[in-house]
Amino acid sequence: MPEHRESRVLPYMPEQIYNLVADVERYPEFLPWCVACRINSRQSPTQFTADLAVGFKMVREQFTSQVTLTPTSHIQVQYLKGPFQHLNNEWSFTPEGTGTRVDFFLTFEFRSKVLQKLIGVLFAEAVRRMVAAFEERARRLYGPR
């Protein structure tokens, strides 16, 4: 099962990075392969269910996740339904010096073995591009530091 962990220190406040990641409805504006996102329901101010559609060439998949927010410090994404056997994504934001240490974790497994093999080959590069897209979005929103 593909797994990716990454930790970076960014020159922004934890609130800024947290707000950027928590704003899932804006993902199609900057996140590679994200073609649509909508919030289905809000269970509370810190918990909601969202649909995310991703596409690459001829492949397009949609999945539903439960998003739990711990304001300014943590975001947990738990898979509910779609093409995956398993999906887990976590973000944590910790003040460090004049910036924020961002810890990112992603693991998933598709139900389809063919799709798993296809994506597995591209997984590392895809995740690197996703993380870089969040960094670039922070630069555009908050400016270089």
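Mentor: Helices, as the term is used here, are DSSP runs of H or I with at least four residues, numbered from the N terminus. The model before us is predicted.

Trainee: In which helix does Gln16 lie? Is Gln16 buried or exposed?

Mentor: Gln16 belongs to helix α1. Residues count as buried under 20% relative accessible area. Gln16 has a relative accessibility of 17%, so the residue is classed as buried.

Trainee: Which residues does Gln16 touch, leaving out those up to four places away in sequence?

Mentor: Contact requires heavy atoms within 4.5 Å. With residues up to four places away in sequence not counted, the partners of Gln16 are Tyr142 and Arg145.

Trainee: Which residues of the largest nonpolar core touch the most other members?

Mentor: In soluble globular proteins, nonpolar side chains tend to be buried together. Here the largest nonpolar core has 38 residues. Those that touch the most other members are Ile17, Val21, Tyr27, Ile75, Trp91, Phe93 and Phe134.

Trainee: Which element gives the largest share of this core?

Mentor: Two or more core residues come from each of α1 (14-22), β2 (34-44), β3 (47-56), β4 (59-70), β5 (74-81), β6 (84-96), β7 (99-110) and α2 (113-142). The largest share is six residues, and the element that gives it is α2.

Trainee: What does Tyr27 touch, not counting residues up to four places away in sequence?

Mentor: Tyr27 is listed among the core residues that touch the most other members. Residues up to four places away in sequence are again set aside. On that basis Tyr27 touches Leu20, Val21, Cys34, Leu52 and Phe134.

Trainee: How many disulfides does the count give?

Mentor: A disulfide is a covalent bond between the sulfur atoms of two cysteines. The cut-off for the pair of sulfur atoms is within 2.5 Å. For Cys34 the closest cysteine sulfur, in Cys37, is 5.8 Å away, which is too far for a bond. By this rule the number of disulfides is zero.

Trainee: Are Cys34 and Cys37 buried or exposed?

Mentor: The limit for a buried residue is under 20% relative accessible area. Cys34 has 7%, so Cys34 is buried. Cys37 has 15%, so Cys37 is likewise buried.

Trainee: What is the phi of Trp33, and where does Trp33 lie?

Mentor: Most residues other than glycine have a negative phi. Trp33 is not a glycine, yet its phi is positive, at about 70°. Its place is the loop between α1 and β2.

Trainee: What is the phi of Thr72?

Mentor: Thr72 sits in the loop between β4 and β5. Its relative accessible area is 30%, so Thr72 is partly exposed. Phi is positive in this residue, which is other than glycine, with a value near 65°.

Trainee: Ser73 lies in the loop between β4 and β5. Which residues is Ser73 in contact with, leaving aside neighbours within four places in sequence?

Mentor: With a relative accessibility of 29%, Ser73 counts as partly exposed. Neighbours within four places in sequence are left aside. The contacts of Ser73 are then Tyr18, Trp91, Ser92 and Phe93.

Trainee: Which element gives the most to the lining of the largest pocket?

Mentor: The largest pocket has a volume of about 850 Å³. Of its 39 lining residues, the closest to the centre are Leu52, Val54, Phe63, Leu106 and Met130. The lining divides into 32 nonpolar, three polar and four charged residues. With ten residues, the element that gives the most to this lining is α2.

Trainee: Which element gives the most to the lining of the largest cavity?

Mentor: The structure holds one cavity of 30 Å³ or more, and the largest cavity holds about 130 Å³ of space. Of the 13 residues that line the largest cavity, Leu10, Trp91, Val102, Val131 and Glu135 are the closest to its centre. Two or more lining residues come from each of β1 (3-10), α1, β7 and α2. The element that gives the most, with four residues, is β1.

Methods
Residues are numbered from 1 along each chain as its sequence is written. This is a predicted model: local features need pLDDT of at least 70, side-chain atom pairs count only at pLDDT 80 or more; totals for chains, interfaces and linings use all residues. Side-chain values use heavy atoms; hydrogens and water are left out. A nonpolar core is a set of buried Ala, Val, Leu, Ile, Met, Phe, Trp, Tyr and Cys residues joined through side-chain atoms within 4.5 Å. Buried means under 20% relative accessible area, exposed over 50%, partly exposed in between (1.4 Å probe, protein chains only). On a 1 Å grid over the protein atoms alone, a cavity is a set of points where a 1.4 Å probe fits but cannot get out, and a pocket is an open set with protein on both sides within 12 Å along at least five of seven lines; lining residues have an atom within 4 Å of a point. Grid points are joined across faces, edges and corners, and a volume is the space filled by probe spheres set on the points. Ala, Val, Leu, Ile, Met, Phe, Trp, Tyr, Cys and Pro count as nonpolar, Asp, Glu, Lys and Arg as charged, and the others, Gly among them, as polar.
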